[in-house]
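Please read it alongside the sequence and the structure.

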Amino acid sequence: MTFPAPLRSTGARAAYALGVGALLVVWMLPLLGVAITSLRPEEALARGEVWAWPRELAWDNYATVFRTSHIGRLIANSFAVTLASVAGALACATLAGHALAKHDFRGRHLLLAIFVGGNLVPFQTLMLPVRDLMLALGLYDTRWALIVFHVAFQTGFCTLFMRNFIRELPDELLEAARLEGASEWAVLRHVVLPLVRPALAGVAVLVFTFVWNDYFWSLVLVQSEDVRPLTAGLQTLRGMWQTSWSLVSAASIVAALAPVTMFFLMQQHLIAGLTYGARRDTDRA
Amino acid sequence: MSKPAGASAASTLALLAPATVLFATFVLHPIADNVWLSLHDWDGAGAKSWVGLGNYRELAGDRTFAIALANNLRWLLLYALAPPLGLTLALLLCRTARGMRLVRSLFFMPFVISQVVVGLMFAWFFNGRFGLFDHLLRAAGLAPAALLEGDQAIYGLVLAGLWPQVAYCMILYLTGIATLRADLVEAARLDGAGGWALLRHVVLPQLRPVHFIAVMVCTVSALRSFDLVMVMTGGGPHRSSSVLASYLYEQVFTSGRYGYGAALATVLLALMSGIIVTLLWRLLRAERR
Amino acid sequence: MNRRVAASWFASLLAACALQAAALAGTLVVNSNASDPAPRAAWQALVERFQRENPDVDVRLNVTDHESYKRQIRNWLTGAPPDVVFWFAGNRMRQFVAPGLLADVSALYTPAVRAQLHPSALELVSDGGRAWGVPYTWYPVGLYYRRDLMSAPATWNDLLAACERLRARGLEPIAIGTKDLWPAAAWFDYLDLRLNGQPFHLRLLEGDIPWTDARVRSVFAHWRELIDRDCFARHHASATWQEAQALVYQGKSAFSLMGHYVVAQMPRDVLPRMDFAPFPMLRSGFERDEEAPVNSLHIPERAKNRADAMRFLAFVLRADVQEELNRATLQIPVNLQARPADDRFVQAGRAHLAGAARLSQYFDRDAREDFAQTALNGFQEFMLHPERLDAILETLEQARRRLRR
């Protein structure tokens with residue numbers, strides 16, 4: 001990889017490590033606050049103890065979170081909904097993004113504008129009509145309702161994303177494949193997809209995070225506890241009268257683990273980088 | 001760019017169909033429904049009663065709406081910092097040194113963790129009684145601010161929102177950097193370009209698709225942010241830190257005024273669309289060149 | 001077709017039909033907003049007891065946090081309702097009765113049952129002569145104070161004197177957090193109840209009395225006295241009620257006007273030093289009107305399993321069931337024959353409610369939602385800027401006019 005230029009001297013490398021380290025510490029400070037709060041005993045919080053290091057670390061806050069919320073079922077529901085939504089949104093968006101980027105037809109700009117514009121709408125606007133649609137389709141109170149909605153909604157943003165990245169690919173590459181007799185699907189599969197792998201990975205991470213963290217639609221489209229995803233289920237830690245902030249903090253850290261892990265795993269695609277350039281060189285050879 | 005030989009109209013249609021059908025059903029049709037609702041008065045339970053443009057007339061004279069709109073514009077302006085900051089972080093962190101995968105994941109965390117908890121931390125940070133912010137101000141010899149209790153509360157909210165937003169932009173730019181064309185970079189280096197010149201003339205232009213997405217995303221977040229507001233100030237004190245999204249929530253769910261809320265939502269959508277369409281038009285024009 | 005295959009096919013079809021029929025007839029879906037730990041566990045235990053007594057019913061209890069529940073209940077009632085919903089009695093309930101979203105449950109209220117309930121509670125679940133819900137708990141609102149820092153004030157002058165003494169010792173006498181707006185309404189409610197009485201208060205909240213009326217101004221005048229004397233804790237606009245209560249436990253404040261729910265949160269070492277007292281009397285010769293928010297269960301009009309839902313509600317009305325529930329949650333049963341828990345605060349609260357003359361619920365349960373929201377914002381603004389009273393009253397007047405439309 002030629003960008004950025006690698007650091008040659010040990011001095012530069014040390015300076016880099018120190019700089020990044022210091023920045024990381026400052027960046028993480030609020031998160032450190034969340035972690036400490038999650039380990040603070042509830043009584044200490046009731047007494048107004050906010051910043052001090054807790055006298056005893058209440059590890060059983062995490063145990064309580066796991067116990068109160070049938071967490072295994074919540075996590076299973078979340079994974080089912082999120083992974084299906086990511087797959088669906090990526091598929092729809094890549095297909096549509098390719099058409100918008102590389103096919104010339106009237107109204108493609110208008111269509112793009114519609115995809116972009118629809119993504120801006122506040123959720124409250126959609127709440128009742130979508131619920132009625134799901135009731136009519138018989139999907140209400142099932143995981144499919146969530147999957148179908150999230151695929152539909154995320155497609156707007158993802159189409160824009162994929163379209164912008166696919167657009168950057170030179171037309172000659174696609175033309176060459178088409179002249180060799182490849183169908184449009186083959187062009188998409190064998191020429192375009194490998195080159196936009198970082199975009200796919202980036203979009204996958206973002207959609208995963210959005211859908212995983214969503215609780216608005218989990219509340220609107222789902223009533224039964226056994227279908228509920230994780231973030232909506234963990235909301236029940238907030239009481240009618242009092243909110244146990246230490247439990248909520250613990251729950252939020254548990255809930256955040258999946259998207260962060262997803263990001264960690266996707267990074268090899270995100271930083272793969274410059275695959276296009278490398279391929280071009282081998283073509284010429 | 002003429003239509004390529006192998007791309008028939010049929011294949012275009014087939015490619016567009018799934019996304020378009022889903023989107024039209026679950027997003028566009030509900031938007032139309034919502035505009036229809038904004039012409040009525042409804043408490044969510046009983047019958048709807050027609051009021052025509054009455055809700056919009058009321059909005060025009062609504063003091064809280066004006067405050068919320070002003071706050072959203074402030075939010076928008078300050079969020080303009082997020083893409084450059086995200087880009088800086090991405091440039092800093094895109095190296096393949098050892099442990100960088102973990103470091104990048106940690107920088108990503110603010111975006112992933114529940115906004116409710118982010119809001120809680122920043123609310124405590126800015127708290128007038130025990131907040132660290134005022135503690136630092138006093139240590140520096142300045143007067144304590146009690147930021148969330150006065151008219152400047154919105155700035156505390158925006159600062160809290162910037163933290164996850166910069167992480168979001170960082171991801172976008174990391175993706176962009178990963179798709180840079182090696183041949184262009186190599187050619188520039190052979191020409192003797194390095195450092196800033198390389199950045200300005202080779203890297204940044206190639207990141208243009210990402211710039212648009214980043215700006216769009218930050219605009220949408222600035223106009224849609226809600227969780228932070230509810231946790232940190234609830235829109236107060238006496239609605240001075242309200243934003244359109246929190247006011248919308250309050251009108252629909254707390255006050256039970258669905259028709260009025262629908263009118264608010266329509267205005268919010270029109271506002272966002274106006275901004276985004278302008279940006280989109282500029283992008284498309286630039287692409288045509 | 002092979003006869004054995006046909007027979008087994010037919011048998012499994014029959015079995016499937018039977019299972020389906022059983023599932024349809026015997027499933028009871030209950031949506032609850034009681035997400036606090038003790039109530040949640042108590043209701044789970046109650047549901048299990050109900051299932052033991054009624055083995056043909058399969059109860060599915062869905063717990064949602066209160067904030068989200070409030071958002072969704074209308075959606076449920078108008079869309080795909082469960083069989084039983086948790087909600088609040090009084091005007092909050094009547095708001096759903098008017099458009100016909102709740103089922104009439106008058107059949108449950110036999111004379112025997114009526115005799116077991118406080119007449120005010122009964123009245124709160126009724127509308128137009130019919131009953132629309134079942135109350136299961138209620139709680140008092142009053143002064144929760146540190147008995148080692150002060151004694152209970154009986155009159156207005158006692159209250160002012162107590163504040164003076166506490167201020168002289170460097171405390172911020174009254175702990176209050178107005179970030180969530182509703183805690184301030186308790187002060188308005190009680191000053192109004194003590195100065196003008198419950199009938200006036202309810203008429204005011206219905207919109208029958210202008211907010212510029214002299215009697216309303218008198219309420220604000222008394223309130224202003226407390227504000228001007230710095231009786232309320234500072235920084236209340238950025239404090240939730242929980243953060244404000246911490247001041248009482250730290251000894252930085254001495255008391256607050258709160259509901260019974262604060263007891264569950266009191267740290268163990270402070271609990272023995274806390275006590276409960278009713279809000280002081282402001283006028284001699286006045287009766288003691290109190291606030292007593294009531295929580296209740298209802299059946300949606302379009303519930304699929306109304307028969308079993310009625311059985312569940314009848315179950316919850318029973319004295320022994322209310323006793324078990326409220327003992328576990330340390331709350332106060334509505335059924336007068338249910339014995340309350342042995343807890344000092346529960347006993348005091350029960351006596352307090354039983355001895356009250358007339359009852360109202362909390363401001364945001366008595367007044368219509370949109371009006372309540374405007375008023376609550378007005379109260380917070382008044383506490384921060386009492387000089388803006390005229391503008392605030394004007395805003396409330398405008399809201400009242402919209403209420404009466």
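In what order do the three strands of the open sheet in chain C stand, and is the pairing parallel or antiparallel?

1. The three strands form an open sheet in the order 8-7-9 (chain C), and the pairing is antiparallel; strands pair here if DSSP finds at least two bridges between them. Strand 8 and strand 9 of chain C stand at the edges with a single partner strand each, so one side of each has no neighbour in the sheet. Direction ignored, neighbouring strands of this sheet are turned by 35 degrees against each other on average.

2. A word on the basis of these points: this is a predicted model, in which local features need pLDDT of at least 70 and side-chain atom pairs count only at pLDDT 80 or more, while totals for chains, interfaces and linings use all residues. Residues are numbered from 1 along each chain as its sequence is written, and chains are lettered from A and ligands numbered from 1 in the order in which they are written. Helices (H or I, at least four residues) and strands (E, at least two) are DSSP runs, numbered from the N terminus.

3. Strand 7 (residues 141-146) of chain C is largely enclosed by the rest of the structure, because five of its six residues are buried; buried means 20 or more other C-beta atoms within 10 Å of the residue's own, exposed 12 or fewer, and partly exposed in between, with C-beta atoms placed from the backbone. Five bridges join strand 7 of chain C to the antiparallel strand 8 (residues 255-259) of chain C, and Gly142(C) stands opposite Met258(C) there. With strand 9 (residues 274-277) of chain C, strand 7 of chain C pairs over four bridges, also in the antiparallel sense; in strand 9 of chain C, Leu143(C) has Ala277(C) as its bridge partner, and Tyr144(C) stands opposite Phe276(C).

4. Thr64(C) lies in the loop between strand 2 (58-63) and helix 3 (66-78) of chain C, and counts as buried because it has 26 C-beta neighbours inside 10 Å. Leaving aside residues up to four places away in sequence, Thr64(C) touches Thr236(A) as well as Asn31(C), Asn33(C), Ser35(C), Tyr69(C) and Gln72(C), where contact means C-beta atoms, placed from the backbone, within 7 Å.

5. In chain B, the axes of helix 4 (residues 82-93) and helix 8 (residues 153-178) come within 7 Å and cross at roughly 55 degrees; axes are lines fitted to C-alpha atoms, for helices over the stretch in contact, and angles run from 0 to 180 degrees between N-to-C directions. That makes helix 4 of chain B oblique to helix 8 of chain B, since angles under 35 degrees count as roughly parallel, over 145 as roughly antiparallel, 65 to 115 as roughly perpendicular and the rest as oblique. The residues of this contact divide into 15 nonpolar, two polar and no charged, with Ala, Val, Leu, Ile, Met, Phe, Trp, Tyr, Cys and Pro counted as nonpolar, Asp, Glu, Lys and Arg as charged, and the others, Gly among them, as polar.

6. In chain A, helix 4 (residues 71-102) and helix 10 (residues 197-213) pack at an angle of about 140 degrees, with their axes 9 Å apart, which makes helix 4 of chain A oblique to helix 10 of chain A. Their contact holds eleven nonpolar, three polar and no charged residues.

Conventions
Two residues are in contact if their C-beta atoms, placed from the backbone, lie within 7 Å.
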